[in-house]
Amino acid sequence: MSGGWISRLSIGQKLILSFSLILILLAGSLSAILFYLSRVNSYVERHQRITVPGVVTASEILRNVGRMQTRVHHLLEHRQAADSASILAAVAELERQTLAALDTYRQRHAARMHPVLFGMLTQHGRVDLADREDQAIAAITDGLRTLAAQREQIRTLQTQPTAAPAPTEPAYERTAAEIEAAVETLVDVHRKIDMEMKLEGDRLVDQARLIALGLVCLLGLLIVSVFLLMRRQVADPLRRLAATADRVAHHDLGAQFEPWPCRDEVGALAGSLTTMLSSLRDHSTALVRKTKELEAFTYSIAHDLKGPLREIEGFSSLLEKQFAETGDAQVKHHIDVIRRSALRLTHMIDALLKYSRLEQQDLPKQRFNLLEMINSLINDRVGSSQHAKPAIEIDLPFADLYGEPVSIRQALANLLDNAIKFSRQQPRPEIRISASRTQTERILSIHDNGIGFDMAQTDKIFGLFERLHGPQDYEGTGVGLAIVKLVMDKHRGRVWAESAPGRGSTFSLAFPDGGEAAALQNSASSGSRIER
């Protein structure tokens, strides 16, 4: 199917085609149901327009024949009745009404006068009902003519009183009985025609149900086909493209987007992603090559610079000892500036190398004890400090953390060093290490009561070699906070600072907590406050 004309359609055109077919089937189903309902209703209408009036007309004929028979019997019982002429006239009027009713029946209610009804009888093999109806109509017609002749004979007898009476009444009654039998035949025929009409209605209803069921099944099959087609043409390709794109997003450039034969939007997307991946491979290869060249260049420059710097620092130390005896203060000051500058440049090169190595490293993560790491850092920093020891308070609601321990230790060490450095001028330096936890993150904060800084400088402090104070005021290389920012980026976390001049600073690290095993709660360290 993918190589046919469907594969040349866009997704929108495929959807329009599918919904058009569904609408056509729905319209066909509705039309078929309405058609069969109209046919069923037509038979109901024919029942009301033919069968019921036909039975009523037959009953009227039967009633008229009975009334004629009653009047004739009364006349023959009283041969000298004065109203014999009026009785005969009434009988003649009943004969005329009966003939008119019979003509109405023949023209409006006879089965042969209605092609649809007669076609139904023909289809059902019941043409004999129409034949019986014709025979009954003919018998009634003949009977009425016979009654009219017998009525004339009675009239003659009434005008000739001396004539011998003839057996007129039994003959009249036999003819009337024959007409009544023919009328009963008509009623029976219509009853059976009504049964055939009911059978035809049931058959049409069954056909309508069968066709509706077939159309519903066909509609269901079409919907399933559309679903399978959309899944094959759209959902599955997009799912495979998404899986491959996820591999690429996780740096698996060996992944391959499968070519899609269709020319729709999915095919265009697959082609664009393939081109993008090829370009990404080329750029990645070039980037790796440039990175290796830059790394080699960095190490080479650092090695070449550190050698002369060591010589400068060493000779400046010798000169410092040599001129220590002369007492020339200006020379000693110059030598001290040279020596301290060489040392500061050496520290900057070491920090830059450390930043470069960290940037190139993959950080394998594991769960480690954060509280032990912080205690170890505090012992190292506070124990070796030559200034006033700050009061350090620790408040951790959890004792462990998920990440790469070495790089996180370096980031915490840089933040702790800054807190100690910028709060040492306070009469009572204070540092507070606290933490909090949300549904997705674990946040670690280090607060000091040091000199603080203007929040307008927040974006600047995390830059490489960015400093807010001169080296004569506070020592440093301008790389420490850049390393903190790099560590958090590699952990897909966040780092930010809150401060104000003269009110201290708070640096916060937010580590992602989703997707990893829940941290073990250390009840001993929860809410603990340690003063040093």
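**Ground rules.** I am working with a predicted model, in which local features need pLDDT of at least 70, side-chain atom pairs count only at pLDDT 80 or more, and totals for chains, interfaces and linings use all residues. Residues are numbered from 1 along each chain as its sequence is written, and side-chain values use heavy atoms, with hydrogens and water left out.

**Entry 1, cores.** I looked up the nonpolar cores, meaning sets of buried Ala, Val, Leu, Ile, Met, Phe, Trp, Tyr and Cys residues joined through side-chain atoms within 4.5 Å. Buried is under 20% relative accessible area, exposed is over 50%, and partly exposed lies in between (1.4 Å probe, protein chains only). The largest core holds 40 residues, and Leu370, Ile374 and Leu412 have the most contacts inside it. At least two residues each come from α8, β2 (391–395), α9, β4 (430–437), β5 (441–448), α11, β6 and β7 (505–512). With eight residues, α9 gives the most to this core. I take helices (H or I, at least four residues) and strands (E, at least two) as DSSP runs numbered from the N terminus.

A second, separate core has 27 residues, including Ala58, Leu76, Ile87 and Ala176.

I listed its contacts (heavy atoms within 4.5 Å). Leaving out residues up to four places away in sequence, Leu370 touches Leu396, Phe398, Ala399, Asp400, Leu401, Leu412 and Leu444.

I searched a 1 Å grid over the protein atoms alone for cavities, sets of points where a 1.4 Å probe fits but cannot get out; lining residues have an atom within 4 Å of a point. Points are joined across faces, edges and corners, and a volume is the space filled by probe spheres set on them. I found two cavities of 30 Å³ or more.

In α11 I noted Leu481, Ala482, Ile483, Val484, Leu486, Val487 and Met488 as buried. Arg492 sits in the loop between α11 (480–490) and β6 (494–499). Arg492 is not a glycine, yet its phi is positive, about 55 degrees. Arg492 counts as exposed because its relative accessibility is 67%.

Definitions and conventions
1 Å grid on protein atoms, 1.4 Å probe; cavity = no way out; pocket = protein on both sides within 12 Å on 5 of 7 lines; lining within 4 Å.
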